[in-house]
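Please consult the sequence and structure shown here alongside the text.

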Amino acid sequence: MEPERALARAEKVKLAVGPTTVALDGPGVASRINALGSRRLFLILRGLRASQPPGVLYHLYFNLPQGATPAGDDPRHAGIVNFYAAQTGDAASTDADRIFYSFDVTEVVQALRARSQLRDPLTVTFYPVGGPDPGAKVVISRVELVEQ
Amino acid sequence: MAPFTRRTFVAGAAAIPFALWLEQNGWAQTPFVRYDATSTQGKAMLKTYAQAVQTMRTPPGFTEGNPRSWTFQWYTHMVKGSTTKTAELARIYPSPSTWKNLATEMWNTCQAHLGQPENYFLPWHRMFVFYFESIIRKVSGNTTFTLPYWNYSVSKPDPNHGVIPPEFRMQADPLFAPLFVDKRNPGVNSGTPIDQGQPDDPLSTVALQQCTYAPSGSQSGFCATLDFGLHGNVHVLTGNGQNMGSVPWAAYDPIFWLHHCNIDRLWASWNAAGRKNPTDSTFLNKKFIFADSDGNRVEATISNFLDIAALNYKYDKLEPVTNVCPPPSPTAAAPRKLVTRAAPIALGVGPVRATLSAPPSPTATVPLATRIENLPADHRLYIVVKDLKADVQPEVLYHLYLELPAQAPGQTATEHYVGNINFFGSGHAHEGGGGADKFYSFDVTGLAKRLKAKGLLTDKAELTIAPAGQPASEARPVIGEVSLVEQ
């Protein structure tokens with residue numbers, strides 16, 4: 001198995017009631033993606049926690065402009081995350097960090113590059129469809145772009 | 001050998017071989033077939049299901065404390081979120097009883113929502129559905145009953161895509177009313193597809209494309225991808241926080257079982273495509289407690305629940321698996337530990353040194369330097385760090401060095417640098433499971449050869465592990481094993 005290498009990450013991402021955008025911190029992500037070769041890119045989420053179920057799905061988009069509403073077939077769509085299995089309350093120990101959600105985003109990122117839409121910093125927007133429960137405190141410990 | 005009597009069977013249900021238990025329960029016959037809920041056969045089964053659901057909710061035949069009651073089966077997944085398991089045990093069982101003992105063992109055992117190993121998600125739910133189905137069979141008197149599955153992923157423009165079967169929407173129907181629950185999401189009970197208005201495809205069966213069951217590098221594997229993806233999406237899209245959208249409430253809704261029947265079908269589909277389940281003994285030998293069709297305690301072992309043919313059931317239709325997984329490389333060598341330290345290494349506030357030595361083997365007496373000198377051209381050397389655990393996050397990185405001198409004035413440590421590790425996600429095991437799945441692998445081929453060339457590589461290779469900063473005092477990080485591996 002090829003070793004994996006983290007390209008960029010964001011830590012302790014707190015999701016708001018509306019769309020939340022985070023920048024993945026990592027030097028020259030766009031240029032490193034240009035040198036990907038045959039390796040694959042994965043967007044990995046770890047440590048999903050919610051004080052109560054937010055009750056919606058979150059759709060993930062790369063480099064979505066502030067305030068933009070994504071189209072149904074938006075090419076920046078990277079994945080979908082739900083918080084059904086998210087650790088809640090006292091169960092939200094370090095065990096939640098062991099489990100990770102992984103999305104193969106190789107084609108999405110390559111398509112962004114082909115359209116000259118790949119730029120630093122690479123951002124990820126968590127876009128809820130529907131209204132999340134405003135009482136749900138939703139946190140993701142780490143969002144990471146990894147090549148393998 | 002004396003034959004089993006019914007008395008001995010009932011008394012020893014937990015101890016007899018599972019295959020014999022199946023036979024004793026009359027299941028060694030033509031395989032049962034589970035049907036799509038929208039098929040003619042599936043719709044017929046839903047009539048039996050609705051009647052049984054009503055029966056299981058109705059005292060005095062089925063009080064809440066009865067292992068075959070609706071509440072008991074619901075609580076096996078998880079006790080409702082408005083109270084606690086302790087409080088419900090006290091309320092439902094004011095006196096000691098066999099049923100109370102069984103409830104104590106069974107309730108809140110859903111895998112893997114309380115930090116247990118994720119790999120248990122699929123087999124535990126297969127067991128849960130299997131025994132539940134057997135209870136329905138017994139309660140209804142319909143010995144041919146099989147639980148239908150809800151195929152929400154059927155491709156558009158099929159009108160059934162994402163639509164809860166109509167039998168679950170008939171609030172006033174004298175037969176199907178027990179299948180209705182009002183706390184589902186808006187539109188669901190009027191036949192709106194649960195993914196209406198969602199971009200992309202939350203009901204996609206893309207998890208089937210995973211090539212391994214468990215995580216492999218950055219790929220989360222079939223079990224986790226299915227659990228966290230499609231499975232969780234259906235829960236959230238179907239019901240709210242006091243219904244399918246919340247773990248403690250989900251199993252109250254009769255649609256829960258058809259959902260998990262479909263998840264089981266997808267697992268069967270993945271295996272039918274030739275993809276393999278884990279084979280480690282910890283996984284295979286893991287046991288869970290359930291109630292059988294008579295409400296008696298049974299122990300279910302994962303190894304007995306990996307093949308639905310052995311459980312005497314099949315599905316009318318499996319999902320196709322369309323991608324091709326790369327075959328294992330025929331030239332890939334099995335990893336071989338050259339030197340290792342298998343005893344736990346407790347890390348402190350300062351650098352810790354761990355000495356690695358050769359494990360017992362025919363080549364153990366060959367000096368390490370010689371083995372590295374004779375390394376085949378296509379082999380590499382790796383430092384593998386496994387079984388990381390910590391009470392809490394140390395909140396620092398740890399840097400690793402190979403054969404770092406104790407005192408090296410003027411000599412930079414970078415000549416010995418291996419890499420760094422962190423303890424993110426390495427919580428200690430706790431009740432119900434957990435455990436450390438995390439490992440690090442560092443290619444040290446060039447480093448080891450350079451050190452050898454300089455005469456700095458000893459037979460007992462020493463690894464120095466140094467924190468970069470002040471670790472959290474309550475962290476107590478431990479590394480279970482470190483090895484220098486040739487592959």
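The sections below treat the basis of the model, the nonpolar cores, a sheet and selected salt bridges.

## Basis

The model is predicted: local features need pLDDT of at least 70, side-chain atom pairs count only at pLDDT 80 or more, and totals for chains, interfaces and linings use all residues. Residues are numbered from 1 along each chain as its sequence is written, chains are lettered from A in the order in which they are written, and side-chain values use heavy atoms, without hydrogens and water.

## Nonpolar cores

A nonpolar core is a set of buried Ala, Val, Leu, Ile, Met, Phe, Trp, Tyr and Cys residues joined through side-chain atoms within 4.5 Å; buried means under 20% relative accessible area, exposed over 50%, and partly exposed in between (1.4 Å probe, protein chains only). The largest core has 96 residues, of which Tyr49(B), Trp107(B) and Phe290(B) touch the most other members. Another core, of 43 residues, lies apart from it and includes Val13(A) and Leu45(A).

## Sheet in chain A

Four strands of chain A form an open, antiparallel sheet in the order 2-7-4-5. Strands (E, at least two residues) and helices (H or I, at least four) are DSSP runs, numbered from the N terminus; two strands pair if DSSP finds at least two bridges between them. Six bridges join strand 4 to strand 7 of chain A, and Leu60(A) has Phe126(A) as its bridge partner.

## Salt bridges in chain B

A salt bridge places a side-chain nitrogen of Lys or Arg within 4 Å of a carboxyl oxygen of Asp or Glu. Arg184(B) and Asp253(B) form one at 2.8 Å; they are 69 residues apart, and both are buried. Arg91(B) pairs with Glu64(B) at 3.1 Å.
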